Amino acid sequence: MPFGDADIHIFPSEPAALNVTGALGLGSANTLVNYDDLSCGPLAPLTDPEPWGALRGGFWRAAGSEDADTAAQLFEELVQQRTRLRRAGAIRLWIGAALGEQLLCAWLGAALERIGTDRSLLTLVDLDSAPYPARPVRSVGVLNHKDVRYVADRWSALDDDRCAAYAAMWRAVSHETPELLGAFCAAESPCPPHLRKILANYMLHYPDVETGLCHWDRELLDSCRKNAPHTLHIMADVLGGGIDRPYYSVPGPGYLFHRLKRLGDPRLPYPLFKLSGDRTDMRALETWLSDAGLAVLEGEENAVALNGIDEIIGGVRLSLPGGPLWLFDGETLVAADLPVAG
């Protein structure tokens, strides 16, 4: 495999890093690992590691993640190793088509630019060359060791057009309004079609016009109807999913568990779940649909109309009465008035 001693390998998650380093015998001295799923929670234009760490660590801490203190450490590590990065033979990013991994590439380009490192050093592993891609491989973490070794010498540099596309992607998700996101994903966008398709899944985090539920909240409610009161089964059903779901954008279990508990918060005017047991342990927590949750699923009520909203998706804060309220209409994001509760 054509790896130089000065090459630096960056992985989108610890499972991906362990899979590749185990297959190839790479040492830890030349590897960096990301612990932050950038498809979830607030984002902002990059300035320095401290505010970035406060933003991302604070989000994961509020979500109850045990890894909140390490979630944003990659930016600090890049700053600490900027001299080494500038002298690297190549910066090798091992990402697949998953939304969070593609956002990592967009973020990394911005981070390298921020610390004064030439982003042309960045190269991407070509997972499309894997032996069995009926559709693009979502992560190197799902490849067996034989296939990791197969793709390990297949790399593509980020030319000017791809650099520009990833830079536009980062601006789209970190901007304080979502017009850039809609423009990036539009049919007439000059950005590559596969990136438009992947980033369109980011809109699924926005509330739906009709139900007031983001896509993942709706899946949790649907799953609860089938699997109550077993929270672990509800989570497994959403994580496993089916063939007709947004395959490349499924958040991790920690984020989904956080969403479930938010929907069942007894402080809400109309909690959509009824929760019983230890809320820190999905194996011990029991979950049922409330009457309000069933009404929202049946299209009789709108979750935003019932409970309001105050959350941050990327750079966009959705709050009332802080309008406009950006909602997903099935194709793009639209500014809408607050729906009236039935």
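Q: Which residues touch the most other members of the largest nonpolar core?
A: In this predicted model, L78, W107 and L199 touch the most other members of the largest nonpolar core, which has 85 residues.

Q: And which helix gives the largest share of that core?
A: Helix α5, spanning residues 99-114, gives the largest share, with 10 residues.

Q: What is L199 in contact with, leaving aside neighbours within four places in sequence?
A: With those neighbours set aside, L199 is in contact with L99, L103, M169, A172, V173, L181, F184 and C185.

Q: What other core lies apart from the largest one?
A: Another core, of 19 residues, lies apart from it; F11, W94, V151 and A152 are among its members.

Q: Turning to the cysteines, how many disulfides does the structure hold?
A: The structure holds zero disulfides. For C40, the nearest cysteine sulfur is that of C214, 9.7 Å away. The nearest cysteine sulfur to C214 is in turn that of C40.

Q: Is C40 buried or exposed?
A: C40 is buried, with a relative accessible area of 0%.

Q: What about C214, buried or exposed?
A: C214 also counts as buried, at 3% relative accessibility.

Q: Changing topic, where is P229, and what is the peptide bond from A228 to P229?
A: P229 lies in the loop between α10 (215-227) and α11 (231-240). The peptide bond that joins A228 to P229 is cis, with omega near 5°. As background, most peptide bonds are trans.

Q: How many cavities of 30 Å³ or more are there?
A: The structure holds two cavities of 30 Å³ or more.

Q: Which residues line the largest cavity?
A: Its lining consists of N34, D36, L38, W52, A71, A72, L74, F75, L104 and W107. Helices α3 (73-80) and α5 each supply at least two residues of this lining. W107 is also one of the residues that touch the most other members of the largest core.

Technical notes: Residues are numbered from 1 along each chain as its sequence is written. This is a predicted model: local features need pLDDT of at least 70, side-chain atom pairs count only at pLDDT 80 or more; totals for chains, interfaces and linings use all residues. Side-chain values use heavy atoms; hydrogens and water are left out. A nonpolar core is a set of buried Ala, Val, Leu, Ile, Met, Phe, Trp, Tyr and Cys residues joined through side-chain atoms within 4.5 Å. Buried means under 20% relative accessible area, exposed over 50%, partly exposed in between (1.4 Å probe, protein chains only). Helices (H or I, at least four residues) and strands (E, at least two) are DSSP runs, numbered from the N terminus. Contact means heavy atoms within 4.5 Å. A disulfide is a pair of cysteine sulfur atoms within 2.5 Å. On a 1 Å grid over the protein atoms alone, a cavity is a set of points where a 1.4 Å probe fits but cannot get out, and a pocket is an open set with protein on both sides within 12 Å along at least five of seven lines; lining residues have an atom within 4 Å of a point. Grid points are joined across faces, edges and corners, and a volume is the space filled by probe spheres set on the points.
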